[in-house]
Amino acid sequence: MLILHCPYCGVYAEETELHAGGEAHLKRATIGDSDEAFEEYLFMRENKKGVHLERWRHANGCGKWFLCARDTATLEVYGTYPAQTTEPPADIVAAITAKHPGWSWKEKA
Amino acid sequence: MSNAVSALNGQEAKGDVTVRELGLTGMITLRGDFEDENFGAALSQITGAGVPDVRHFVQAGDFTVLWMSPDELLVILPYEKAAETVAAFDAALKGTHFLAVNVSDARALISISGDFANEVLAKLSPVDMSADRFTAGMVRRTRLAQVAAAFWMLPDGSYNLMCFRSVADYAFGLLSTSAKAGKVGAI
Amino acid sequence: MSTRLQSLGRMIDRSKPVEFTFNGKRLRGYQGDTLASAMLANDQMMMGRSFKYHRPRGVVASGAEEPNALFNMGTGDRFEPNQRATTQEVFDGLTIKSQNHYPSLEFDIGAVNQLFARWLPAGFYYKMFIHPRPFWKYVYEPFIRQSAGLGQVPKEKDADTYEHFYFFCDVLVAGGGIAGLAAALKAGKEGKRVLLLEQTADFGGRAVVDGVEIDGKSASDWVAETLAALNAMENVTVRSRNMVAGVYDHGYVLGYERLTDHLSDKSGPRHRLWRIRAGEIVSATGAIERPLSFYGNDIPGVMLASAVRDYVVNWGVSCGDRTVVVTNNDDAYRTAITLKQAGLSVPAIIDARSSGAGPIAAEAEKLGIKVMKGKAIAKVKGKKRVTGVQICLQAGEGSVIEEIACDCVAMSGGWSPVVHLWSHCGGKLNWDDDLAMFRPNPEKPPLGADGQAFVSVVGSANGHLSTAAVLADAGQTVTTNEPAEAAIQPVWMMPQGAGVKLRSKAWLDYQNDVKVSDVQLAAQEGYESVEHTKRYTTLGMATDQGKLSNINGLATLSAALDSTIPNVGTTTFRPPYTPISLGAITGVARDELFQPVRKTPMFQWHDANGSEWEPVGGQWRRTYAYVRDGETTKDAVNREIVNTRENVGLLDASTLGKIIVKGPDAGKFLDMLYTNMMSNLKIGKCRYGLMCNENGFLMDDGVVIRLDEDTWLCHTTTGGAAHTHDWMEDWLQCEWWDWKVYTANVTEQYAQVAIAGPKARQVLEKLGGMDVSKDAIGFMEFKDGTLGGFDARVHRISFSGELSFEVAVPASQGAAFWDALLEAGAEFGVMPYGTEAMHIMRAEKGFIMIGDETDGTIIPQDLNLHWALSKKKDDYLGKRAQERSFMASPDRWKLVGVETLDGSVIEDGAYVPAPGNNPNGQRNVQGRVTSTYYSPTLKRGIAMALVKNGPDRMGEVIEFNKEDGTMVKAKIVDPVFYDKDGEKQNV
């Protein structure tokens, strides 16, 4: 059972306090966007065996959403960070890259 | 109002650890920007307390102010004062972005006191309740078995726990059952 | 025979005799006895029957690995099957029964299966029960069900209580042997928070039994001193009878503490499940001795050498007068010596190694024990008890050299480290050829959240078998009196050239009756993977999870495959280490605490007044109908509707979600959330709104009211409150974080009552305090004021189609307000109504219900709710999705009303078949009913349905299917059945 650090209240929360929210950094497509772009936004998800960027909410806690870089195979956590960002912070990217040279996340490095 | 009744009407389960519903209590959810000078000023002017540290609370006279999240506090006060205090926040913070709302009736407040009160909570919540880790002045929002709850430790070593009114019966049952089951003797 | 000795027995207190009952027979033991030791002291060697062949079985081991000695324990509400005699301590009044036999343990009809053993080989089920197909249901399955399963199922509700306990530590040490004690002491001295868990009642493990001297002290003194030091440390917690059941991701550990299993006094929780979060885990779980595979190795009296030694030293019990020791390593010599020193007879040590043992052999011979090198057991003689052994050459095929009379065989095939906790989270193993064992591979540990190893292994669990090496592994350098040992010689079959006759009575898995020949057959039939072989033969699948059998089994398999043991590998180690009770997993979650039940402030009144409860929105309880004496539920529902339509009804609507949305950007935010416009709602007004998800499908609905310039209150469905609040917070935190909006879920702040019916206004006027006239509060308006002294918010909204007020008061006053309404309404014929009456009344009005008319695939357009889709807005959640071509297709099923021609009620879930079949050969469909009721107002069945091109087919008669296979004709009509112009609600 996972433990993730909530960057808002500082608690190392176990999974039963958390709610998983799927892939992070989705870009909302809407009115005016093509069917392809909308399909991408609504349905197309990363399904990696490896480092994944994902959304979690400290639901039984401070109620805040945060983002997490986690290896789906080894469960190694490279860090959690606030949801109010469009890409992972540099230190987390560096930590991932150190272990997985050449790692990339969609269009973001 | 004289016909106001709290969720469990002061129910009590006495024992080595006593579980007691605390009756009608005023509660205000206060959301805003803690960094904003106006916010802090209004808070201390109305409650006498400053913004508490993360996951802590401060007490000042009738008021207890608890940290709930980075933009939310809970003000605990006498039940009769809740409406007027919301009005006071509305007046003091007018023109800024904030939310003050009376939630006194939405919650139940339960006291857990006695020898192994911390172990009673540790039977139900995934929180490190050992004496040197969870100390007086701390607040924790978490899960009590299957429902959301928040509890905090008072200077006398007892705990107050807050949950939604609709599940007060369930929370009281959990706490009194766990208290009756006795001490673990581990923390 | 097995008996109690005059001396020895460090675990038992001879001054405290206890009495227990076995198959109705009263037996005596001492406090500190396990069930197994007490049974042996009473010469009860035979303890059960095997699963498949019903062979007589005795106890083999002395600990958690025991496969045979399982009992039905307790009676009535404390009955539990499959309790292990080697881990259950006896207490006064304990009642046990042997299992898996009929009519008795001594004489069992099922033992006839042995005669058919030739036809019950590996994979028997798969081969036997395939043809003819129809036999499966009527012949094979009933037969298998009858014979499957060990023990009986408890029939009464468990009288015991259970609980959980969350605990956090830096270091968790699993196992209280010398390795665990030393590891805990080391971590404790470093100032870490340490938890040491020992599964038995006793600390020190094998070192104490073996009488080792550590730095000149007896092992028991060393243990006592170390324990005292640990107990003196504030930062160390030591618990016994607490087994580490499993290691899970990120340092999560389950500890299974047994509190009253060993006591007559059953008060207090029986088991406590420790839910531990540990920074690091030290597995000091020791090692388990392996049996040897020879003919008749399952006959009662054939036991592990270490167990025979344990029974003598720990419980003062001899397992037999004459014990033959058979081994491939030095350790079993200790058993021979111990027995001899206890005054018992050891006719021979049969050592499979032609070079024999190290210095310990001389010690044995000095005591007069005959050591036979390079020898093996050809056959064990005896049926329900060993009577002797036939000796042969290990290198040969089993020609008998001599026969030795004995009543006990102590065997040792070497030791297997208990690597379960290392392996639960993926720690890998290495095969050590010299020691003939799997050991943890330190290069491939289980990894934690930080990518570092979080489990380590010390002592015997790490493959160290001597005391000095064990303690060195745990960080202590000591000197001991243990002699050097000669190397083990792996022996997977005894004798090595045993023919099929011997192999087919050489057991690998005692509990599941898997023999050497079964595994060889599996290999012959093409099973190469150890996981497949396990499932085919059921090797290691019994309740002991193959603790004794796995290594021998996979060694047999690798030999049969002409491969090596590391190549074949092990099966997966999964938690729990030994079975734990369902009660412990459940904890306090039973009866009233099984699940939270959410109650409104008026719950008690409802409950006292005939409420038939309905779970709504998950955990809420709402009244379905208030059933009076002499009424059926249906009668009550009809009465409530008629009364509401004619007089006035009260509905407890407190469960509806209420969410405050406030801020300069709140209007803009709500415009995105709802399909209709909310930003232009006037203060004091109410507006019905729809919420869709990003896929365009309807998610929730409710009335939104505007409280002031920047504050709205959104009502949601009962089940949608928490979800809608979470949904709002998700968008505010994760997408539009620069928008200035705060939300608060105030659902439970208010008790809310719908007062509906032509006389509703009169009831409120009777309460008095505020003007509730049409001019003061128009339809879809609200006002704050007081009613009968209650602070109230009065909304003019209607879900019933009647003149209706929804009044919110503080929840603490909800019960009093309800009483006041009943009193004030008495003269107007007020009656409360439940959710079923509400549902029918809304259906009569053609109002949709989330969850009835919607199912997660319905867009507002399907329900003809175009009027609620704002055309002025550029965007709202779901808008883009609704632009997709198939959402605009004219072929979508759309909402209509339907009336049966004969006035009957269409069945729930009925479909409208269409001509022809689909590609799967199923009947085509063109619609389905979504809500269907008997309307007491119209005195006929009414329904809503989604029908292909429905709104264009008004007046057409279609057919709905019925459960009895017939069809019912119904006409497509407008879904508004009652008061089409809304004259009744707008007065």
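The following questions and answers explain how several descriptions of this predicted model are reached.

Q: What makes the size of chain B agree with that of a compact globule?
A: A compact globule of 187 residues would have a radius of gyration near 16 Å, and chain B has 17 Å, so the two agree. Along its principal axes, the C-alpha trace of chain B spans about 55 × 40 × 30 Å. Chain B contains four helices and 11 strands.

Q: What share of chain B is called buried, and what makes a residue count as such?
A: A residue is buried if 20 or more other C-beta atoms lie within 10 Å of its own. Of the 187 residues in chain B, 56% are buried. Among the contacts in chain B with a separation of 6 or more, 57% are between residues 24 or more positions apart.

Q: How do you know that chain B touches chain C, and which elements of chain B take part?
A: Two residues are in contact if their C-beta atoms lie within 7 Å, and 38 residues of chain B are in contact with 36 residues of chain C. Strand E3 (26-31), strand E7 (99-102) and helix H4 (168-180) of chain B each supply at least two residues of this side of chain B. The largest share, six residues, comes from H4(B). By kind, the residues of this side of chain B divide into 20 nonpolar, 12 polar and six charged.

Q: Why is helix H20 of chain C described as largely enclosed?
A: Helix H20 (residues 666-673) of chain C has six of its eight residues buried, so it is largely enclosed by the rest of the structure. The buried residues are Ala666(C), Phe669(C), Leu670(C), Asp671(C), Met672(C) and Leu673(C). What covers them includes strands E36 (657-662), E37 (686-692), E38 (698-708) and E39 (711-716), together with helix H21 (721-734), of chain C.

Q: Why are strands E42 and E45 of chain C said to stand at the edges of their sheet?
A: The sheet is open and has six strands, in the order E42-E43-E44-E41-E35-E45 (chain C), with mixed pairing. Strand E42 (782-787) and strand E45 (830-832) of chain C each have a single partner strand, so one side of each is left without a neighbour in the sheet. From one strand to the next, the twist averages 25 degrees.

Q: What makes E43 and E44 of chain C a pair?
A: Two strands pair if there are at least two bridges between them. Three bridges join strand E43 (residues 790-795) to strand E44 (residues 804-810) of chain C, and these strands run antiparallel; the two therefore meet the criterion for a pair. Arg793(C) stands opposite Ala808(C) in E44(C).

Q: Which strands does helix H23 of chain C touch?
A: Helix H23 (residues 814-825) of chain C packs on the sheet and touches E35, E41, E43, E44 and E45 of chain C. The direction of H23 makes about 20 degrees with that of E41(C). Helix H22 (residues 760-767) of chain C runs at about 130 degrees to E41(C).

Q: What does UniProt list for residues 602-873 of chain C?
A: An unreviewed UniProt entry lists these residues as "domain: GCVT N-terminal". Over residues 602-873, chain C is 26% helix and 30% strand, and the end C-alpha atoms are 41 Å apart.

Key:
Residues numbered from 1 in each chain as written. Chains lettered and ligands numbered in written order. Predicted model: local features only at pLDDT ≥ 70, side-chain atom pairs only at ≥ 80, totals over all residues. UniProt positions renumbered as here; feature names shortened; annotations may be inferred. Rg over C-alpha atoms; globule rule 2.2 N^0.38 Å. Buried ≥ 20, exposed ≤ 12 C-beta atoms within 10 Å, placed from the backbone. Axes fitted to C-alpha atoms, helices over the stretch in contact; angles between N-to-C directions. Nonpolar A, V, L, I, M, F, W, Y, C, P; charged D, E, K, R; others polar.
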